[in-house]
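This report describes a single protein chain from its overall make-up down to selected residues. The sequence and the structure are shown first.

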Amino acid sequence: MNQKILGISFASVLAFTIIGAASCNKKEAAPAESQKTETAKSVSITNVSYDPTRELYANYNKLFAKHWKEKTGQDVEVTQSHGGSGKQALEVANGLEADVVTLALEYDVNAVQNAGLIEKGWVSEFPLDSSPYTSTIVFLVRKGNPKNILDWDDLIRKDVGVITPNPKTSGGACWNYLAAWAYGERKFGGDEEQVKEFIKQIYANVLVLDSGARGATNSFVQNKQGDVLLAWENEAFLSIADYPNDYEIVTPSLSILAQPSVAVVDEVVDRRGTRDVATEYLNYLYSEEAQRVAGENFYRPSNQKVLAEFKDTFNLEINLVTINDFGGWDAAHEKHFSNGGLFDQIYTKK
């Protein structure tokens with residue numbers, strides 16, 4: 001394997017006396033609701049996440065439950081929801097109840113904020129722009145790499161079938177697209193028309209455009225479609241772990257630093273009285289114990305000490321661009337993924 005690879009409301013007689021204070025500081029849960037939750041023997045929260053984090057959070061939730069029990073004496077149950085990141089953000093905005101969101105990119109969390117459910121400034125609430133672990137984009141190919149796929153140039157060959165999800169619904173797909181675009185910009189010296197043609201040729205070879213990253217993995221691994229999967233690094237490693245004799249990873253010459261984002265859903269936790277447990281759930285992701293869980297599930301720990309423990313797993317010298325090279329997520333989404341943007345111009349449905 002190529003290792004070069006990141007309530008209870010107050011009585012109405014009190015309403016007029018507390019409404020002003022409550023509106024001034026939304027992040028303080030209503031005392032009656034908070035007291036009810038914090039004194040209960042158990043508490044439950046919901047984490048709405050994206051496709052490739054299933055295994056990570058299945059393990060982390062057990063670690064966090066032990067931590068929370070030791071810290072508070074209270075049992076905690078975490079319910080998980082998984083899907084394409086963009087689709088998950090839309091579901092939360094439309095009413096899917098989430099105490100926390102752990103999505104594939106900042107833009108998707110902003111969509112929940114724009115729906116009035118998360119307060120502004122969430123990106124600064126936790127360290128490292130509220131990104132507790134990172135990943136990058138790699139190629140997953142058949143064992144022995146029979147099509148000799150080594151870099152982005154190979155994806156435009158007529159004999160290569162590509163599997164990648166839809167950037168209109170999948171955060172991972174957005175990272176895939178932007179990594180390819182960054183390579184094209186370097187290859188063509190920033191000539192946007194040539195880059196657009198290059199990306200168009202890649203997507204002309206896409207056989208299946210699934211709604212999420214896990215669906216794309218299933219199309220490639222289980223349904224045996226295509227010659228190369230554009231994948232989260234962690235998703236590619238999981239496929240290798242499951243099928244060590246069938247697949248291998250190729251690291252392209254240029255990729256992108258993928259930064260999944262986490263946030264507390266303020267409107268929900270204040271209504272449910274779960275702010276303390278929800279906040280600790282995300283804060284504990286930065287602990288050394290949780291960072292090791294991230295590394296063991298093939299996400300790159302943000303803690304540099306823990307990351308160094310996985311130097312034999314990850315290629316720590318990989319050449320990565322960042323979302324800042326695209327002007328940030330708002331600018332990148334408007335240019336590439338908005339209705340009528342470059343992706344819509346480039347991709348023609350088969």
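A residue is called buried under 20% relative accessible area, exposed over 50%, and partly exposed in between, with a 1.4 Å probe and protein chains only. Helices (H or I, at least four residues) and strands (E, at least two) are DSSP runs, numbered from the N terminus. The model is predicted, so local features need pLDDT of at least 70 and side-chain atom pairs count only at pLDDT 80 or more, while totals for chains, interfaces and linings use all residues. Residues are numbered from 1 along each chain as its sequence is written, and side-chain values use heavy atoms, with hydrogens and water left out.

**Overall make-up**

The chain contains 16 helices and 13 strands. It has 350 residues, of which 54% count as buried.

**Nonpolar cores**

A nonpolar core is a set of buried Ala, Val, Leu, Ile, Met, Phe, Trp, Tyr and Cys residues joined through side-chain atoms within 4.5 Å. The largest such core has 70 residues, and Trp152, Tyr177 and Ile199 have the most contacts inside it. Helix H7 (residues 171–187) gives the most to this core, namely nine residues. Apart from this core lies another, of 20 residues, including Phe220, Leu229, Ile240 and Phe310.

Contact here means heavy atoms within 4.5 Å. With residues up to four places away in sequence not counted, Tyr177 touches Ile199, Tyr203, His336, Phe337, Leu342, Phe343 and Ile346.

**Helix packing**

Helix H5 (residues 106–114) packs with helix H15 (residues 329–337) at an angle of about 95°, and their axes are 9 Å apart. Axes are lines fitted to C-alpha atoms, for helices over the stretch in contact, and angles run from 0 to 180 degrees between N-to-C directions. H5 and H15 are therefore roughly perpendicular to each other, a class that covers 65 to 115 degrees, whereas angles under 35 count as roughly parallel, over 145 as roughly antiparallel and the rest as oblique. On the H5 side, Glu106, Tyr107 and Asn110 meet Trp329, Asp330 and His333 of H15.

Helix H9 (residues 213–221) is mostly covered, with seven of its nine residues buried. These are Ala213, Arg214, Ala216, Thr217, Ser219, Phe220 and Val221. In helix H13 (residues 288–296), the buried residues are Ala290, Gln291, Val293, Ala294 and Gly295. They pack against helix H3 (54–72), strand S4 (133–134), strand S12 (300–301) and helix H14 (304–308).

**Selected buried residues**

| Pair | Separation in sequence | Distance in space |
|---|---|---|
| Glycine 226 and valine 162 | 64 residues | 5.4 Å |
| Asparagine 61 and valine 76 | 15 residues | 9.1 Å |
| Isoleucine 256 and isoleucine 318 | 62 residues | 9.3 Å |

Glycine 226 is located in the loop between H9 and strand S8 (228–232) and counts as buried at 14% relative accessibility. Leaving aside neighbours within four places in sequence, glycine 226 contacts Arg142, Gly161, Ile163, Leu207 and Phe220.

Asparagine 61 belongs to helix H3 and is buried, with a relative accessible area of 12%. Residues up to four places away not counted, asparagine 61 touches Val78, Gln80 and Tyr281.

Isoleucine 256 is part of strand S10 (residues 255–256), and its relative accessible area of 0% makes it buried. Beyond four places in sequence, isoleucine 256 touches residues including Ser135, Ile137, Trp175, Leu178, Leu320 and Phe326.

**Positive phi values**

Most residues other than glycine have a negative phi. Which value does phi of asparagine 148 take? It is near 55°, a positive value in a residue other than glycine. Asparagine 148 lies in the loop between strand S5 (137–142) and strand S6 (162–163) and is partly exposed at 46% relative accessibility.

Phenylalanine 298 sits in the loop between H13 and S12 and is buried, with a relative accessible area of 18%.
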